Amino acid sequence: MYQFHNPSDQLITDYLQKARRIAVVGLSNRPETASYQVAQFMQSKGYEIIPVNPRLAGQ
């Protein structure tokens, strides 16, 4: 049976150092949520954020 394992911290770091554009699945438009705050922080560090939230499509 397949069991998922999170990638290592080093692999995640490598991905983030190479990427400049990140899709945030479940990004909320409410500032009090963790997804909003993380996306805002990443954007302040120079990442382009692609919001993915079907409930907010077209807004």
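The legends below describe close-up views of a predicted model. Residues are numbered from 1 along each chain as its sequence is written, and side-chain values rest on heavy atoms, with hydrogens and water left out. Because the model is predicted, local features need pLDDT of at least 70 and side-chain atom pairs count only at pLDDT 80 or more, whereas totals for chains, interfaces and linings use all residues.

**View 1. Strand S1 and its pairing with strand S2.** Strand S1 (21-25) and strand S2 (residues 48-52) pair in the parallel sense over 5 bridges, where pairing requires that DSSP finds at least two bridges between two strands; strands are DSSP runs of E with at least two residues, and helices are runs of H or I with at least four, numbered from the N terminus. Ile22 has Ile49 as its bridge partner in S2. From S1 the chain passes through H2 to S2 in a right-handed β-α-β crossover, meaning that, with the strands pointing away from the viewer, the path from the first strand over the helix to the second runs clockwise.

**View 2. Ser28 in the loop between S1 and helix H2 (34-44)**. Ser28 counts as buried because its relative accessibility is 12% (buried is under 20% relative accessible area, exposed over 50% and partly exposed in between, with a 1.4 Å probe and protein chains only). The side chain of Ser28 reaches the backbone nitrogen of Arg30 at 3.0 Å. Neighbours within four places in sequence aside, Ser28 is in contact (heavy atoms within 4.5 Å) with Thr33, Ser35, Tyr36, Asn53 and Leu56.

**View 3. Leu56 in the segment after S2**. Leu56 counts as partly exposed because its relative accessibility is 23%. Not counting residues up to four places away in sequence, Leu56 touches Leu27, Ser28 and Asn29. The C-alpha atoms of Leu56 and Gly26 are separated by 9.7 Å, although these residues are 30 apart along the chain.

**View 4. The largest pocket**. About 260 Å³ of space lies in this pocket (an open set of points on a 1 Å grid over the protein atoms alone, where a 1.4 Å probe fits, with protein on both sides within 12 Å along at least five of seven lines; lining residues have an atom within 4 Å of a point). Of the 13 lining residues, Leu27, Ser28, Asn29, Pro51 and Leu56 are the closest to the centre of the pocket. H2 and S2 are the elements that give two or more residues to the lining, and H2 gives the most, with 4 residues.

Note on methods:
Polar contact = N/O pair within 3.5 Å; in protein donor to acceptor, adjacent residues only side chain to side chain. Points joined across faces, edges and corners; volume = space filled by probe spheres on them.
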